[in-house]
Amino acid sequence: MDFVNEQNDVLLIEDNEPTTYEEVLKSSESEKWLHAMKSEMDSMYENQVWTLVEAPEGIKPIGCKWVFKKKTDMDGNVITYKARLVAKGFRQRQGINYDETFSPVAMLKSIRILLAIATHYDYEIWQMEI
């Protein structure tokens, strides 16, 4: 993607994160992206986040897509390659595939940090279902 500033200098701006699986395969970092995708699939398998069922007759399942993101440190150095498989929820329709919603699962590391802070400040913790 190119932009021109006020001095008519061409500025090259690179978008280093792929937006499709095809871009991942063509990327010079494809091995790292494919490893991130495998890690995501392994995590979903281990956590049993889905149940495989036959689609009802005449109903087209909701699609999904990969979302890719590089996690960097304060200096801009890449620390982690993240790949997430997400549902194309915008295709849901009321009364057909709209009744079930799902939320992301909290990372165990985040829960431990929260509990450590609560313990340090002697906070009371309550659990609730929303």
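Me: I'm looking at Lys69: is this residue buried or exposed, or something in between?

Reply: Lys69 is partly exposed, and the relative accessible area computed for this residue is 41%. Please keep in mind throughout that this is a predicted model.

Me: OK, and what does Lys69 form a salt bridge with?

Reply: The partner of Lys69 is Glu17, and the closest N and O atoms of the two are 3.9 Å apart.

Me: How many salt bridges does the structure hold?

Reply: There are four salt bridges in the structure. One of them joins the side chains of Lys70 and Glu29, at 3.0 Å from N to O. Because Lys70 lies in strand β3 and Glu29 in the loop between α1 and α2, this pair ties together parts that are 41 residues apart in sequence.

Me: And why does Lys70 count as buried?

Reply: The relative accessibility of Lys70 is 12%, and buried means under 20% relative accessible area, so Lys70 falls on the buried side of that cut-off.

Me: What does Glu40 form a salt bridge with?

Reply: Glu40 forms a salt bridge with Arg84, with 2.7 Å between the closest N and O atoms. Here too the pair links distant parts of the chain, with Glu40 in helix α2 and Arg84 in strand β4 (residues 78-87), 44 residues apart. Glu40 counts as buried at 10% relative accessibility, whereas Arg84 is partly exposed, with a relative accessible area of 36%.

Me: Let me step back. What's the overall pattern along the sequence?

Reply: Read along the sequence, the pattern is β-β-α-α-β-β-α, and the secondary structure comes to three helices and four strands. The chain has 130 residues, of which buried residues make up 12%. If you look at contacts between residues at least 6 apart in sequence, 38% of them join residues at least 24 apart.

Me: How much accessible surface does the chain have?

Reply: The accessible surface comes to about 12,100 Å², and 55% of that belongs to carbon and sulfur atoms.

Me: Which residues make the nonpolar surface patch of about 430 Å²?

Reply: That patch is made by Met41, Val49, Trp50 and Leu52. Within this group, Trp50 is placed in the loop between α2 (30-46) and β3 (64-72), and Trp50 is partly exposed, with a relative accessible area of 45%.

Me: Switching to rings: how many aromatic pairs are there?

Reply: A search of the whole structure finds four aromatic pairs. One of them is Trp66 with Phe68, a stacked pair with 6.4 Å from centre to centre and 20° between the planes. Another is formed by Tyr121 and Tyr123, whose ring centres are 5.6 Å apart and whose planes meet at 20°, so this pair is stacked as well.

Me: Which residues do ring pairs link into a cluster?

Reply: The cluster consists of Trp33, Trp66, Phe68 and Tyr81, linked by ring pairs.

Me: Where does Ser30 lie, and what does Ser30 touch?

Reply: Ser30 lies in helix α2 and counts as buried at 18% relative accessibility. Leaving aside residues up to four places away in sequence, Ser30 touches Val24 and Leu25. The C-alpha atoms of Ser30 and Pro18 are separated by 9.5 Å, and these residues are 12 residues apart along the chain.

Me: Last topic, confidence. What is the mean pLDDT of the chain, and which element has the lowest mean?

Reply: The mean pLDDT of the chain is 79, and 75% of the residues reach 70 or more. Among the elements of the chain, strand β2 (residues 10-12) has the lowest mean pLDDT, at 41, while α2 has the highest, at 93. Over residues 1-14 the pLDDT stays under 50, and for this stretch the model has 12 contacts beyond four places in sequence. Where pLDDT is low, the predicted coordinates should not be read in detail.

Definitions and conventions:
Residues are numbered from 1 along each chain as its sequence is written. This is a predicted model: local features need pLDDT of at least 70, side-chain atom pairs count only at pLDDT 80 or more; totals for chains, interfaces and linings use all residues. Side-chain values use heavy atoms; hydrogens and water are left out. Patches are made of residues with over 30% relative accessible area and no salt bridge: like charges are joined within 9 Å, nonpolar side chains (Val, Leu, Ile, Met, Phe, Trp, Tyr) within 5 Å. Accessible areas come from the Shrake-Rupley method with a 1.4 Å probe; for residues, only the protein chains shown count as cover. Helices (H or I, at least four residues) and strands (E, at least two) are DSSP runs, numbered from the N terminus. Buried means under 20% relative accessible area, exposed over 50%, partly exposed in between (1.4 Å probe, protein chains only). Contact means heavy atoms within 4.5 Å. Rings of Phe, Tyr and Trp (its six-membered ring) pair if their centres lie within 6.5 Å; planes under 30 degrees apart count as stacked, over 60 as edge-to-face and the rest as tilted. pLDDT is the predictor's confidence in each residue, from 0 to 100.
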